[in-house]
Amino acid sequence: MKEKSYAKINLFLKIEGYKDGYHQLNSRFMKVKDLYDEIEFKEGTFNIIGDFNCAVRDNTIFKAYHKLITYFPDIRDYFIDKQIVVTKNIPEMAGLGGGSSNAATFLRMVNEDSGLNLDLDRLARIGAEIGSDVPFFVYDYDVANVYGRGEIVEKYDEEAIEVEIGVPPVECSTPEVFKMYKEKYFNPQKSDFDKIPTKELLETKTPEELNDLLRPALALYSDLFKYKDFGFFSGSGSSFFKPKFIK
């Protein structure tokens, strides 16, 4: 059993408040169909294999596995003869959601193949305990508006646009970027960007207007200035994207 685990970009990211220890977002995510990891279930002693930049126990797939066996102890038997092999292509710490996508894809694969058969809302709630971006990938929408800390996902009715992605050799720490935002740039305001088509936003707004985390990321990682003119900033970085309809 083998599935693609797609990257995402944030077409915009606005921070509207702070609640219960989390920044409250109004964002639009888009699946990037030409950039993906691959996850394969093979026969063998249970293990999670891949070129990760962290210990296996800190990996999002292991966290998803641990959530499943905690909530559904009987499913442990399903994993006895499974090796989880991950082929990594999505750059890590780049604002492209690779870890979250891996966790969500794993949850969906297990849900289908094991006969667990949870509905997507339940699966997304489990995913939200692993990471804020996981629910978007559980629902597997091409484009969606995302709210709260990421747990509220609403399909947005438009086609995904074609983009070129640039990934600087800079690893951005999401917690550090949000911390810098809270300490130096915190100015939450309600946004209506979720009501505006993506093409219009990208044609009429600046990168700074579309992503509240761009300025704190630049303040933390000065090397990003070399790539700022590439296009728009995704998530907490470090990736930039350029719509192909903009010359």
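**Note on the predicted model**

1. Asp 20 is found in the loop between strand S1 (2-19) and S2, strands being DSSP runs of E with at least two residues, and helices runs of H or I with at least four, numbered from the N terminus. The phi of Asp 20 is near 50°, a positive value in a residue other than glycine. Asp 20 counts as exposed because its relative accessibility is 67%; the cut-offs are over 50% relative accessible area for exposed, under 20% for buried and partly exposed in between (1.4 Å probe, protein chains only).

2. On provenance: this is a predicted model, in which local features need pLDDT of at least 70 and side-chain atom pairs count only at pLDDT 80 or more, while totals for chains, interfaces and linings use all residues. Residues are numbered from 1 along each chain as its sequence is written, and side-chain values use heavy atoms, with hydrogens and water left out.

3. Asp 140 also needs a look at its backbone: phi is positive, about 60°, although Asp 140 is not a glycine. Asp 140 lies in the loop between H4 and S5 and is partly exposed, with a relative accessible area of 36%.

4. A cis peptide bond joins Gly 237 and Ser 238, with omega at about 20°. Ser 238 sits in the loop between strand S8 (232-233) and strand S9 (240-243).

5. Helix H1 (residues 60-71) packs with helix H2 (residues 98-113) at an angle of about 40°, the axes being 8 Å apart. Axes are lines fitted to C-alpha atoms over the stretch in contact, and angles run from 0 to 180 degrees between N-to-C directions.

6. From H1, Thr 60, Ile 61, Ala 64, Tyr 65 and Leu 68 meet residues of H2 that include Phe 106, Leu 107 and Val 110; contact means heavy atoms within 4.5 Å.

7. The largest nonpolar core has 35 residues, and Phe 41, Phe 79, Phe 106, Leu 107 and Val 110 have the most contacts inside it. Such a core is a set of buried Ala, Val, Leu, Ile, Met, Phe, Trp, Tyr and Cys residues joined through side-chain atoms within 4.5 Å. Elements giving two or more residues to this core include strand S2 (22-43), H1, H2 and strand S5 (143-148). Apart from it lies another core of 21 residues, among them Phe 193, Leu 201, Phe 232 and Phe 241.
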